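Visitor: Please show me the model, and then take me through what can be read from its atoms.

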Amino acid sequence: MYRKSKGILGLISLLLSLECMAGFSDGPYVFIHQDGYKAAQICDGEKREFMIVEGKDFDYCGQQIKLNLTPIEPNDTHYKGDFPVVALSDIHGQHTIMMQLLKANQVVDQNGRWIFNKGHLVITGDIFDRGSQVTETLWYIKWLEAEALKAGGRVHFLLGNHEAMVLNGDLRYLHIKYRQTAMVLAQPFEQLFSKNSVLGRWLRQKNTVVEINGNLFLHGGLHPETLKLNLSLKEMNRIFRKELVVKEQGSQGRSDLGRFLYGTDGPLWYRGFFSETPSANFAQLQAHFSVERFIVGHTSHKEVVSRYNGRIIGIDSSIKLGHKGELLLIDKGRYWRADMQGNRTQLNFEK
Ligand code: ZN
C-alpha cells in the first residue's frame, strides 16, 4: 500500500514538474571564458546560450536587465562611522518581499536604485534555497553592491549555511524550479556556481562576519567553543572564504578549524542564542570580540526580536514563508523594526 501510494505520488509530481517545465524561465548563469563571458539561460523551458559583454543591458528572455559581471574585492571586516545600517536575513528566494522591504524603507527607490547614500545594507545569509526567485536576488544584490559603493555606502552579503550547502551540492532544500534548471542546462546545480562562473566567483569572495559600530553581524550564532579558537573576526572570514567548497580543498578536505566553523556548532548553524537556557556567555563573547551586540538570522521569528537587553537581535523575520517580513534599521544609536509598509517600531531593550 505504501509503495503503491508512493508510486502514484511520484508520478503526479513528475507530471507536475513536466508541466511547469514547459513555461519556466531562469538565469542567466554566466561563465568566464578565455574570450569573454558566456551566458546560459532558460526561456519558456528552452536553453539559450550566447556570449555577452560587460556594461550593456542584458536580454533576459525579452526583458532588459542590468548585470554586474566585475569582481569586487572582499569587504573589510570592521567599519566605524556615522551612517545608518539596515539589516535583513534569510531571504530564501523571496525576491519580491525583499524588494518591497528595501523600497518601503528608502534603501532603494521604486526602480531599485540605491538611495541609502553612505548607509550600509547587511544581509546575514541564506539567499539560496526554498523559494523560486534565488537567481534574481543574487544578480540584484551583486549589482546593488557596486551601486552602493559608488555612493560611498556598502552592501554586505554574508554567507549562511544554505550558501555553503548549495555550493557543496547539498540540494535538499532546493526549489523544484532549480532542479529543472539543472536538467535543462545538463549540469549539476552546484556547477552553475563553480569558480568559473561570475556568481560563483563572487560568492567565494564573501565574508561571514562583519562588525559595524560595535554590532557583530553573522548568520547563526557563536557557540562558547568558538572562543577557544582564539580567532580574530578577520581571520575567521579568511578561513570561511578559503574552505567554502570542500572539493576545492585538495585530498585532505577541510582543516580541523574549517570543519568546526562549517559544522553544527559553528557560526553558520548554531542556534543557542535563542535556546531556553543559552549556553553562550554573552559577557565573555562581547569582551572577546570587543562588541556590544550580536545580530543574527537563521533562527526564525515572526518579526525582528531583541533578547538579553538587546545583546542579541534576531533578524530572521520568516521572509521564507513568502507572506511578509521585516528589517532592522539602526540610525543614530537607535534600533527599529521596520515593515513592508515602512512602519517603524523602536526595539525594546528592557527585555
Ligand atoms: Zn540558516
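Guide: Accessible areas come from the Shrake-Rupley method with a 1.4 Å probe, and for residues only the protein chains shown count as cover. The model is predicted, so local features need pLDDT of at least 70 and side-chain atom pairs count only at pLDDT 80 or more, while totals for chains, interfaces and linings use all residues. Residues are numbered from 1 along each chain as its sequence is written, and side-chain values use heavy atoms, with hydrogens and water left out.

Visitor: What share of the accessible surface of the protein chain belongs to carbon and sulfur atoms?

Guide: The total accessible surface is about 16400 Å². The part of it that belongs to carbon and sulfur atoms is 50%.

Visitor: What percentage of the residues count as buried?

Guide: Buried means under 20% relative accessible area, exposed means over 50%, and partly exposed lies in between (1.4 Å probe, protein chains only). Of the 351 residues, the buried share is 53%.

Visitor: How many helices and strands are there in the protein chain?

Guide: Both are DSSP runs numbered from the N terminus: helices are H or I with at least four residues, and strands are E with at least two. The count for the protein chain is ten helices and 17 strands.

Visitor: Which cysteine is joined to cysteine 43?

Guide: A disulfide is a pair of cysteine sulfur atoms within 2.5 Å, and the count here comes to one. Cysteine 43 lies in strand S2 (residues 36-43), and its partner, 18 residues away, lies in the loop between strand S4 (58-60) and strand S5 (63-65). The link is left-handed, with -85 degrees about the S-S bond. At an S to S distance of 2.1 Å, the partner is cysteine 61.

Visitor: Is cysteine 61 buried or exposed, or something in between?

Guide: Cysteine 43 has a relative accessible area of 5%, so it is buried. Cysteine 61 has 28%, which means it is partly exposed.

Visitor: How many of the residues of helix H3 are buried?

Guide: Helix H3 (residues 134-150) reaches 25 Å from its first C-alpha to its last, close to the 24 Å expected. The expected span is 1.5 Å times one less than the number of residues. H3 is largely enclosed by the rest of the structure, because the number of its 17 residues that are buried is 14.

Visitor: What relative accessible area does glycine 153 have?

Guide: H3 is followed by glycine 152, with a positive phi near 85 degrees, and glycine 153 is in the loop between H3 and strand S9 (154-157). Contact means heavy atoms within 4.5 Å. Beyond its neighbours within four places in sequence, glycine 153 is in contact with Trp114, Asn117, Lys118, Gly119 and Ala148. Glycine 153 is buried, because its relative accessible area is 0%.

Visitor: Which residue in S12 stands opposite leucine 216?

Guide: Strand S11 (residues 215-218) pairs in the antiparallel sense with strand S10 (residues 210-212) over three bridges, and there leucine 216 is the bridge partner of glutamate 211. S11 is also joined to strand S12 (residues 293-296), in parallel, by four bridges. Both faces of S11 are covered, with Asn215 and Phe217 buried on one side and Leu216 and Leu218 on the other. In S12, the residue opposite leucine 216 is phenylalanine 294.

Visitor: Which residues does serine 194 touch?

Guide: Serine 194 is in the loop between helix H5 (176-184) and helix H6 (198-203). With a relative accessible area of 13%, serine 194 is buried. Not counting residues up to four places away in sequence, serine 194 touches Phe31, Gly200, Arg201 and Arg204.

Terms used
Two strands pair if DSSP finds at least two bridges between them.
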